Number of protein chains: 2
Amino acid sequence: MSIEKKIVLCGFGNVGRAFARLLDAKQDDLAARYDLRLRLEAVADIGGGAVADGAGLPPGRLTDFVETGGAVEGFAHYGRPGLKTADLLAAPGADILVETTPTNLKDAEPARTHFMAAIDNGVDIVAANKGPLVLDYRQILDRAREKGVQIRFSAATAAALPTLDVGRLCTAGARIEAIEGILNGTTNYILTRMAQEGCRYQEALGDAQALGIAETDPTLDVEGLDTRNKIVVIANALLDLTLDPGAVDTTGITGVTPADMAAARKEGRTIKLIGSARRTPDGPVIRVAPEALPADHPLAGVHLSEKGISYDTDTMGRITVTGGHSSPTGAAAAMLKDIIHMVKFRI
Amino acid sequence: MSIEKKIVLCGFGNVGRAFARLLDAKQDDLAARYDLRLRLEAVADIGGGAVADGAGLPPGRLTDFVETGGAVEGFAHYGRPGLKTADLLAAPGADILVETTPTNLKDAEPARTHFMAAIDNGVDIVAANKGPLVLDYRQILDRAREKGVQIRFSAATAAALPTLDVGRLCTAGARIEAIEGILNGTTNYILTRMAQEGCRYQEALGDAQALGIAETDPTLDVEGLDTRNKIVVIANALLDLTLDPGAVDTTGITGVTPADMAAARKEGRTIKLIGSARRTPDGPVIRVAPEALPADHPLAGVHLSEKGISYDTDTMGRITVTGGHSSPTGAAAAMLKDIIHMVKFRI
């Protein structure tokens with residue numbers, strides 16, 4: 001049975017535009033494989049205004065327009081100056097909010113307001129933005145459940161690496177005892193370079209910055225905060241917890257020295273920044289820290305900007321998944337997958 | 001909403017008994033996490049007869065009874081001498097056939113008859129037996145679709161390693177361009193020992209046999225036939241093909257020499273038995289052969305009896321999953337997962 005869903009896209013930066021491009025490129029494929037039609041009904045860009053059309057926007061042309069310098073609200077025939085995101089979500093017929101505004105870890109705005117407006121209007125949510133999930137996970141999930149609204153957030157938990165799918169679907173019926181993840185590509189790149197070349201942290205960071213892999217202010221990555229945010233959301237979702245991110249014991253990689261690397265190598269080990277969550281008799285233990293993994297650890301071979309996550313279970317043993325593009329296209333593909341799961345598989 | 005499903009279990013060998021044990025052990029957990037009740041309504045054992053009870057059998061006690069030497073049909077109060085599997089599947093109320101009889105790759109019997117009886121009676125199928133899937137994939141899937149019957153076969157395609165889940169669910173919306181898998185633990189064990197110790201094939205095989213990892217007649221494994229059967233089912237399912245297994249170019253590991261291993265190592269490579277399926281401009285190419293993987297290949301670190309599969313996609317990049325118990329419990333856990341997917345997630 002053919003299904004059509006109307007999409008409101010919030011945020012039109014790299015990830016939002018990659019999602020629009022994907023809607024354009026995958027249109028025929030989605031119809032053929034999943035009998036699914038996704039109509040882009042509105043786009044709201046932070047600072048760029050909004051466009052909306054009940055009959056559907058042309059995602060490819062809109063993206064071209066913005067990538068050649070236009071503001072969303074200037075898009076011919078479709079721009080709606082003054083229109084607010086809240087209005088878009090309250091519009092009759094909006095089915096899915098795709099949230100790609102920049103993550104804000106102070107108060108989660110504006111995504112938090114978008115989430116709440118969507119929930120109150122019965123609009124399902126697919127998010128790349130992790131702010132509201134890190135800061136208000138339980139409140140948001142409970143409120144969504146109350147209103148019968150679905151929320152998916154693969155793209156917020158390591159983009160195209162299927163962290164949550166493996167922990168919830170591939171291991172259904174098994175009990176997850178422990179989770180270990182290399183969840184941040186920037187820090188894994190830096191540690192890999194240090195391990196391979198024996199260079200110092202500052203040198204590897206400089207190279208990563210020159211390559212665009214690390215940001216000018218790399219704090220969020222190198223202090224382990226991005227890894228912490230992801231393991232918090234993953235552990236909340238899979239171990240049914242309500243973690244306070246500020247209370248998670250978090251050590252980044254700025255203190256890792258060439259001597260540490262050499263000592264690890266001497267023991268056949270390799271240092272990786274690991275976000276982990278374990279059940280223990282005293283309750284769950286969540287932490288982020290550089291760990292010296294033995295050579296036969298399934299994450300020991302995850303190098304450079306690659307990521308990976310490993311689940312230890314009671315009946316299936318250990319299952320590890322690695323890879324998946326970290327690019328805007330990878331994040332967009334993860335959101336498209338979430339929509340297919342929600343609409344067609346009813347997962 | 002609480003759901004109850006009545007199960008007919010065919011085959012009560014290692015995998016069938018592990019499944020019964022799991023039903024017993026996971027009963028409360030399934031109710032709590034998935035609001036799901038699985039009732040074991042009947043068990044048919046090849047050569048051991050059948051037991052059935054409309055009110056449900058006690059899976060733990062039945063397994064104890066058989067493991068201490070009893071025949072299924074001798075189980076007090078429940079045995080039903082002379083009862084045939086076909087009768088069990090035609091019984092009103094049977095919901096799911098769990099097929100764990102030994103795989104037969106000549107004519108797929110008796111599993112083929114069980115599959116057909118289940119389909120004709122509207123009973124969904126969860127299979128560990130790969131015979132009917134390897135020999136008659138399209139015919140069975142088409143007939144099931146016609147009758148509205150669901151078929152799941154995770155356990156037939158590498159047990160607890162979630163080969164099909166990753167290729168169908170985690171990558172939904174992406175296009176799979178290529179699949180590469182280490183799908184047989186026995187051959188991977190032998191190749192790993194040869195690589196690590198420089199020993200000959202015969203020596204490593206002997207060790208594997210002594211450890212119970214290889215069978216007395218190891219033909220199916222070492223000639224690549226088990227790998228071929230799995231990649232055929234996986235490629236049929238994920239690339240929508242109808243492959244003739246006999247036509248797949250298949251080379252096993254019996255010809256791999258210490259000299260080959262040394263030459264590979266010299267180039268930083270490691271030899272693995274790879275089952276692969278690729279889309280090419282001239283159509284799909286499926287093959288099984290030892291391949292010298294570079295050190296940074298995501299399957300290069302899959303050692304000993306471990307397995308793994310790697311998917312190359314258009315929008316998500318490459319995603320690789322490794323691990324998962326190969327034991328009877330791992331296969332049973334994969335079947336339990338299939339049931340949860342089918343019943344609760346409606347995947």
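**Exercise 1.** In which sense do strand β12 of chain A and β12(B) pair, and over how many bridges?

*Solution.* Start with the ground rules. This is a predicted model, where local features need pLDDT of at least 70 and side-chain atom pairs count only at pLDDT 80 or more, while totals for chains, interfaces and linings use all residues. Residues are numbered from 1 along each chain as its sequence is written, chains are lettered from A in the order in which they are written, and side-chain values use heavy atoms, leaving out hydrogens and water.

Now find residues 318–323 of chain A: this β12 runs antiparallel to β12(B), over 5 bridges. (Strands are DSSP E runs of at least two residues, numbered from the N terminus, and helices are H or I runs of at least four; pairing takes at least two DSSP bridges.) Then look across from A:Val321, and you'll see B:Val321.

**Exercise 2.** Work out how much area chain B and chain A bury between them.

*Solution.* First, the contacts (heavy atoms within 4.5 Å): 39 residues of chain B meet 39 of chain A. Next, the buried area (accessible area lost on being put together, 1.4 Å probe, summed over both parts) comes to about 2,900 Å², with 58% on carbon and sulfur atoms.

**Exercise 3.** Find the salt bridges across the interface, then say which element of chain B gives the most to its side.

*Solution.* The rule (Lys or Arg side-chain nitrogen within 4 Å of an Asp or Glu carboxyl oxygen) turns up 2 salt bridges. One of them joins B:Asp314 to A:Lys26, with the closest N and O atoms 2.6 Å apart. As for elements, α1, α6, β12 and α12 of chain B each give two or more residues, and α12(B) gives the most, 9 residues.

Notes: Buried area = accessible area lost by both parts, 1.4 Å probe.
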